[in-house]
Amino acid sequence: MNVKDLSFPDEVKNILSTEAASFNPPQLAALKAGLLDKENMVVASPTASGKTLIAELAFLNHYLKNGKTVYLVPLKALASEKYEEFKQKYEKIGMKVAISTGDLDSGDGWLANYDLIIASNEKMDSILRHRTPWVKDISLIISDEVHLLDDASRGPTLEMVLTRLREEVNAQVLALSATISNANEIAQWLDAKLVKSDYRPVVLKKGVFLDNTLHFDGKETPINNEHEMEFSICKDTIDKKKQALIFVSTRRSAEAEADKIAKKLATPSAELEKIAMQIETALATPTKQCKRLANNVRKGVAFHHAGLVAKQRKLVEDNFRAGNIKFITATTSLAFGLNLPAWRVVVRDTKRYSGYGMDYIPNIEIQQMFGRAGRPKYDDSGEAILLAKTDSDKEEMEYRYINGDMEKIYSKLSVEPVLRMHVLALVASGFVQSKSQLRSFFEKTFYVHQYGDVDDVMQKIERVVKLLKDFKFITSDEKSSIEEFTPAFDMNADPEYKPTPLGKRVAELYIDPVSANHIIRNIGKVSGIDPLLTINQCTEMWPLLRIRAAEAEQLEDAMDDYGVQPPDAWDLDYDEFLKQFKTALMFMDWTNESSENQLLEKFNVTPGELYTKKNNAEWMLYSARELALLVGKKEFATQLNKLRLRIHYGVREDLIKLVMLKGIGRARSRVLFKAGIKRKADIKKTPPKALEKMLGKKTAQNILRQVS
Ligand SMILES: Nc1ncnc2c1ncn2[C@@H]1O[C@H](COP(=O)(O)OP(=O)(O)OP(=O)(O)O)[C@@H](O)[C@H]1O
Ligand SMILES: [Mg+2]
């Protein structure tokens with residue numbers, strides 16, 4: 001079978017044949033297994049083996065028959081890569097392509113008219129919670145990187161989304177997986193055919209670097225340029241006119257590693273200078289981190305992690321693709337699915353902190369990082385390298401990651417914090433209305449498929465239901481007196497569950513029921529640092545700021561100032577409380593107009609981290625306001641809304657009105673305020689010349705236009 005043999009219109013085949021002259025083995029196998037006859041399918045094959053094209057064939061087939069596809073991905077970076085690619089390729093044939101990764105309190109009704117919707121797994125979860133009408137039109141569900149079912153933080157949402165979508169719509173399912181050893185289990189779960197392949201179009205050599213020597217397949221290649229390990233490899237890469245990605249386990253080491261490489265690398269160019277300037281000016285006032293990144297970029301190096309602001313992240317990704325930036329040091333933020341021109345991938349850290357200590361990273365994940373090298377679009381060979389310090393290091397690495405087997409993946413659904421979110425969502429959207437329905441829903445999850453034990457989950461679920469009832473998020477007709485000791489004659493009772501209006505809203509707001517309850521209990525505390533402390537006591541605000549040694553005393557002084565009573569120092573919660581308070585204090589400073597640099601210095605919080613934390617805090621305050629309205633505490637809603645705006649803009653209350661004008665930030669708003677210009681009416685009264693003097697001509701005219 002060839003592209004020309006497809007029963008697609010010529011204009012579609014022309015687009016496909018510019019990318020693939022012929023189909024490769026996994027693609028042929030998928031076609032043969034009935035991809036275009038709408039068979040459910042799991043494709044498990046190596047990195048760069050063309051799984052995306054299998055997805056494209058499937059969604060084109062649906063599009064041409066008036067179907068609708070959702071394409072689910074785990075990372076925002078991947079969502080935008082796919083979106084840009086598909087839009088560019090298929091809009092010209094009339095396909096409407098959309099991306100949806102943002103705001104979680106919306107059903108995104110506007111997506112009704114789109115043929116292909118690329119969504120993050122979380123966003124799809126939220127769309128289902130809102131019972132969005134277009135969901136029933138979905139005819140194809142694509143789940144990319146489905147092996148992440150195994151991931152403790154991302155897996156359960158993916159599992160719930162897939163279970164629920166399959167219950168709600170009668171659609172074809174196509175799941176794309178890395179090579180794993182139990183792909184057959186996923187296929188059985190999804191009633192799908194399994195297409196497995198070990199084809200990789202570009203040979204990827206995997207080896208270990210020790211004592212300035214690369215060890216590939218028993219062969220030794222010395223790299224004698226007398227530099228430190230990482231730089232030695234980089235130098236060799238640049239001598240070969242290639243690019244590389246270096247994976248490390250933390251944001252901090254990504255930055256330090258980039259510094260180290262940049263220090264010895266000098267490839268300045270006018271182009272790099274331009275990009276560096278764009279990076280440096282991404283924020284109104286550049287912070288140390290902006291400058292650090294810009295200085296690295298000047299030399300052709302960048303770090304990449306979730307702590308960069310979106311604009312900087314995009315600049316780094318785009319310019320690595322364009323070949324301007326030669327090296328990126330990254331955390332797992334770039335580990336999955338992306339097509340990048342890295343001829344070499346270096347994995348520096350093979351262990352990471354797991355909550356209990358340092359653990360080896362699973363082989364599946366290491367292979368994903370390796371797989372960013374040698375992509376057919378950019379290279380016809382590739383190298384993946386681990387760094388060893390000793391002989392025994394090298395042996396261990398070869399055993400695990402060069403010759404090692406791929407692990408099995410396991411469902412991570414059965415933990416209570418996960419279950420309480422999802423049980424509430426199921427009841428709140430009316431999708432599940434009784435205990436027996438809840439049971440039959442969970443019988444269809446991957447967890448129960450894998451472990452075969454629905455009773456074990458149901459025991460946990462009963463505890464969760466009790467909690468949700470205590471919180472008044474759901475009601476049931478179960479008699480409370482017999483709840484704990486169900487007598488034998490009641491064993492077969494099938495209590496009904498109904499959501500309360502409050503429960504419905506909590507599910508839509510996409511916050512943990514325990515957080516919602518905590519907020520409701522503290523809703524009246526709206527002055528001083530209290531509301532900030534309340535939200536930082538919710539799991540959504542994790543990770544909190546860390547406490548440095550000897551900092552406790554200082555923080556306790558601050559608690560005194562704010563009249564906050566800490567738990568006893570021997571209390572198990574004490575350390576956690578310090579972190580919550582410190583994070584609240586950081587927001588306090590931010591809303592009192594401390595600069596980003598001051599926050600970096602005082603709290604060691606990078607601009608990217610600040611940005612993420614700000615978004616989360618705004619979300620929690622928005623939720624708090626919504627909850628206040630629902631529990632009849634309207635009087636606090638305005639306060640909470642003001643605080644949300646203050647966090648958004650980083651200003652004191654008196655500046656909110658001014659700073660909401662477009663084109664002036666908090667610094668210039670303060671300049672106006674000090675000159676007695678405090679609201680829109682004052683601007684109107686001020687002579688334009690005076691305004692121009694304070695703000696510059698362009699800005700002055702801009703805001704005058706807004707108030708006129
Ligand atoms: N039949 C083909 N002939 C030539 N090139 C192809 C063919 N199929 C796919 N490609 C190219 O190979 C690359 C495969 O990348 P793709 O993103 O599909 O990998 P993947 O299998 O999804 O891997 P990963 O697990 O890393 O996500 C793309 O650049 C694509 O253009
Ligand atoms: Mg892929």
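Contact means heavy atoms within 4.5 Å. Helices (H or I, at least four residues) and strands (E, at least two) are DSSP runs, numbered from the N terminus. This is a predicted model: local features need pLDDT of at least 70, side-chain atom pairs count only at 80 or more, and totals for chains, interfaces and linings use all residues. Residues are numbered from 1 along each chain as its sequence is written.

**Overall chain**
- The protein chain holds 31 helices and 19 strands.
- Its C-alpha trace spans about 80 × 70 × 60 Å along the principal axes.
- A compact globule of 708 residues would have a radius of gyration near 27 Å, and the 28 Å of the protein chain agrees. The radius is taken over C-alpha atoms, and the globule rule is 2.2 Å times the number of residues to the power 0.38.
- Of the 708 residues, 55% count as buried (under 20% relative accessible area, 1.4 Å probe, protein chains only).
- Among contacts between residues at least 6 apart in sequence, 70% join residues at least 24 apart.

**The open sheet**
- Seven strands run in the order β3-β4-β2-β5-β6-β1-β7, with parallel pairing (two strands pair if DSSP finds at least two bridges between them).
- β3 (97-100) and β7 (193-196) are the edges; each has a single partner strand, so one side of each lacks a neighbour in the sheet.
- β3 pairs with β4 (residues 116-120) over four parallel bridges. I99 stands opposite I118 in β4.

**Helices across the sheet**
- α3 (residues 51-64) lies across β1, β2, β4, β5 and β6, at about 170° to β6.
- α4 (residues 76-90) lies across β2, β3 and β4, at about 170° to β3.
- Axes are lines fitted to C-alpha atoms, for helices over the stretch in contact; angles run from 0 to 180 degrees between N-to-C directions.

Terms used: Chains are lettered from A and ligands numbered from 1 in the order in which they are written. Side-chain values use heavy atoms; hydrogens and water are left out. Buried means under 20% relative accessible area, exposed over 50%, partly exposed in between (1.4 Å probe, protein chains only).
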